[in-house]
Amino acid sequence: MFKLENTKKLKFTLLSIGLSTLLVSSAMATSKETSVDGAVKYPVKDGKYNSYYVNTQEVKDFNIGRAVTKNEITAWNVDVKPDGTGLAEFDMKNGEVVLGDDGKPKKAEGSVELGNELYDAQCVMCHGDFGAGGKGYPRLAGGTKESLKIQRLNPADENPNPDTPIRTIGSYWPYASTLYWYIQDSMPFPHPKSLTNSETYALTAYLLSVNGIQYEGEDLEDEFVLDKEKMMKIVMPNHDGFYPEVDTKDPKQGVKNMTALLSDPKIYGTGTRCMKDCIKEDTQKLLLKIENDLTANANQPVLTVRDLPKIEDKGAVLAGQKTYEETCVTCHGNPALGAPVLGDKAAWAKVVEKGIDKVYHNGINGINSMPPKGGTELTDEKMKEVIDYMINSSK
Amino acid sequence: MKNSKALQNDVKSNSVEVTSRRDFFRKTAIYSASALSAASILSPVSVKADEAAIINEVPWGIKLGDPVDKNLYGIPSPYEHNNIRRTHDLFSSGDAYASVSMCPIHESEGIITPNGLFFTRDHGGTAHVDPNEWRLMIHGKVKKEIVLTLEDLKRYPSESRIYFIECPANGSPEWRGPQFNSLQFMKGLMSAASWTGVMLKTILDDLGLEKDAVWMLAEGSDNASNPRSIPVEKALDDVMVVWGQNGEALRPEQGYPVRLIVPGWEGNLNTKWLRRLEFSDKPWHSKEETSKYTMLQKSGKAIRYFWVNEVNSVITSPCPEKPWTHLKKGDIVEIEGLAWSGHGTIKGVDISFDGGDNWIEAKLKGLVLPKSWTRFSYVYRWDGKPLLLASRSYDDFGNIQPTIDQETSAIGVESVYHRNAIVTWEITSKGECNNVQIRKHKKA
């Protein structure tokens, strides 16, 4: 076996006398390397990676691509780390700082109160009042760290435990940085990346407040204004709920901790290769059958027959359909959210009773939990078009 | 008219028109077959009437087919219209955009999934990226920070490798008991393909990494981005930046024009519509990374990252969609299945006929590649009695697929992800196949 330095020297020698690198590769393969997940690493050996042949020509300086500009990095690099790296100090647009009325960079900050307004206008329709959740969409508040220890038993068991761990921002998430980044990058769901940094701070502040998170021992009241400095002092209740440690002083130690964890199957469960009399009990008594086959509710019937499909004439794409599918479907496609769902004849008949002008008016100006134009920037004409589409598709 | 078939045609017309003569013919045929010494080489009895599919000319045999310019991109036979991805509201986050579609693995052949049937997991719908506007930014702790166009990227030397991709939520509804009588819905959150692209190591060796570049962030250009932290050690091992899938460009659902392939690891790390790779000394703790892709244990603490899809297997034939209802007592049938491990290469698979009490070794077949689907097979004579069929795989890392009790006793039932316990099919005396579990029923 060679040490790395020896290998390098040998490699140089071999190359200089015109031999291929094959011999070196095979020599190196004798040292058993493990991969970062603690498992098997397959070195390139004899010009092959496992069963695959590999081109082992050594090439340097491909010189492909071009240098990145600073603004380009600023525009795309919006990630935020738990230590506050990446948290915005100013409002930004297209990679540049936004200037306020006074000509100075506009500080990024937002209050719980503003967050509440934004939430009620753009988030409540999916995530429910105070983050209580909508059917299917994630619940954002409630639950406790203690609840994470609950193990719901099998519903088929005797006296099954009906409770379940509740994983929300307040009970589960280890870092507030994740919340800021999440909102800024991916919310509101139908039109992400539309919020300013200040609005993102406001929504973050509101969601922290409804989760009972404190700042320096105080509840977050309406007037509380969140910014980068304060964000960095927020400690989440479940900050110590995850292992192994990966944010280590020596950066490589964190990865080593992961390798150690993944190398030990006992931690996550492994089997044994028992071949005879492995179950010491009556197998029939251990048999658990399906109570309610969920396959019955599949959106497409589970069939394997080979016949000719029935041909449906779907016709041309109706005006408004595209708008509906891109935007309105988020609420008007989900019965759990309370909005009349496309195709629900009874619900739409009731809507239309008010007269079409009233329906247009409500759509454009908002009604119940629906914000004006559903939170979109559609023109009045486009709104009417999509309303017509929804009504006509629900007759 | 085929003259050589005159006799058969004659028999056929008689059998259709004259019932008594048809019956006579059938009886004669059975009798003759059993009376002949060659009977043993004949298929077991039941020569009924001649088959119309043979006797009559078939419609596609007596007219011209389609011209070659009919389908300039070929599509499956219309008779295969049931071989499709399927969806279920239970697997969506409220809508069909942050959702999944399941691969019909009960219809899968070999170790490659056709591109149109590859399972889908989107966080904000399938993005449609203009390849001319697509850019890849590589920055942070690299010696040269660069931007690549698609044309640039394809100048790097390419490799093609076969890898499966599995969503760690594959089989997740079944932690607390069997829920779906369907292989597709039980295990269809995975697929496999031959991926073509450049080894990330090739790019990083060329650019040069800073000494403390230990973590990499991979991010998509779609509306959800789904950023994830990946250790650089993995990036330099076998991670690929790919543009090809089974010999053609990636499909939009798989990240057209470019995605990351992180062999063996959770599907969500295989970033689709890739646009940015950043290097750092610390991991990021990105959105789904802390809120979702963690494994809550019985202690109330969670495993922070759980990258690898563990050793796993399932019998794909029979399965609930492909039962043995057409078999008769004593028929010989091939039991076939898929085994896979994100930790390495499948070494073997055992199968059990009694719910895991006793096991025998099955045979591997075809190509056996690392972090790839591997086929196993066992030819069996079914005596028509009920069975509890199960498979158990093991890999070259030494991991062995656990029983449900072995898995849940280690990590409980609230992990959501990474369920790799043994799957059991109940075969009834009629040949029906049902999804069942063998597990201890605990009392609360």
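A: Start with one pair of residues: B:Met199 has B:Met240 in E9(B) as its bridge partner. The model is predicted, so local features need pLDDT of at least 70 and side-chain atom pairs count only at pLDDT 80 or more, whereas totals for chains, interfaces and linings use all residues. Residues are numbered from 1 along each chain as its sequence is written, and chains are lettered from A and ligands numbered from 1 in the order in which they are written.

Q: Which strand pairs with E9(B) over 5 bridges, and in which sense?
A: Strands of a sheet pair through backbone hydrogen bonds, either parallel or antiparallel. Here two strands pair if DSSP finds at least two bridges between them; strands (E, at least two residues) and helices (H or I, at least four) are DSSP runs, numbered from the N terminus. Strand E6 of chain B (residues 190–199) pairs with E9(B) in the antiparallel sense. E9(B) is also joined by 3 bridges to strand E11 of chain B (residues 259–261), again antiparallel, with B:Val241 set against B:Leu260.

Q: How many residues lie between the strands in the hairpin of E9(B) and E10(B)?
A: There are 2 residues between them, and B:Asn246 takes a positive phi near 50°. The pairing of E9(B) with strand E10 of chain B (residues 248–249) is antiparallel, over 2 bridges, and B:Gln245 has B:Glu248 as its bridge partner.

Q: How many residues of E9(B) are buried?
A: A residue is buried if 20 or more other C-beta atoms lie within 10 Å of its own, exposed if 12 or fewer, and partly exposed in between, with C-beta atoms placed from the backbone. In strand E9 of chain B (residues 240–245), 5 of the 6 residues are buried, and the strand is mostly covered. Across chain B, buried residues make up 53% of 444 residues. The chain has 9 helices and 23 strands.

Q: What is the strand order of the open sheet of 4 strands in chain B?
A: The order is E15-E16-E20-E19, with antiparallel pairing. Strands E15 (312–317) and E19 (363–365) are the edge strands, each pairing on one side only. Ignoring direction, neighbouring strands of this sheet are turned by 35° against each other on average.

Q: How many residues of chain B are in contact with chain A?
A: Two residues are in contact if their C-beta atoms, placed from the backbone, lie within 7 Å. By that rule 112 residues of chain B touch 108 residues of chain A. Strand E23 of chain B (residues 433–438) gives the largest share of the chain B side, 5 residues. That side has 40 nonpolar, 37 polar and 35 charged residues. Ala, Val, Leu, Ile, Met, Phe, Trp, Tyr, Cys and Pro count as nonpolar, Asp, Glu, Lys and Arg as charged, and the others, Gly among them, as polar.

Q: Which strand of chain A is joined to E23(B)?
A: Strand E12 of chain A (residues 287–288) is joined to E23(B) by 2 bridges, antiparallel, with A:Leu288 opposite B:Gln437. Within chain B, strand E22 (residues 424–427) pairs with E23(B) over 4 bridges, also antiparallel. These two strands form a hairpin with 5 residues between them, and B:Gly431 in the turn has a positive phi of about 95°. Because 5 of its 6 residues are buried, E23(B) is largely enclosed by the rest of the structure.

Q: What is the order of the open sheet of 3 strands with mixed pairing?
A: It reads E11(A)-E14(B)-E13(B). E11 of chain A and strand E13 (295–296) of chain B stand at the edges with a single partner strand each, so one side of each lacks a neighbour in the sheet. B:Ala302 is the bridge partner of A:Phe242 and of B:Leu296.

Q: At what angle do helices H6 and H7 of chain A pack?
A: Axes are lines fitted to C-alpha atoms, for helices over the stretch in contact, and angles run from 0 to 180 degrees between N-to-C directions. H6(A) (residues 176–186) and H7(A) (residues 197–210) pack at about 130°, with axes 9 Å apart. The two helices are therefore oblique to each other; angles under 35 degrees count as roughly parallel, over 145 as roughly antiparallel, 65 to 115 as roughly perpendicular and the rest as oblique. The residues of their contact divide into 7 nonpolar, 3 polar and no charged.
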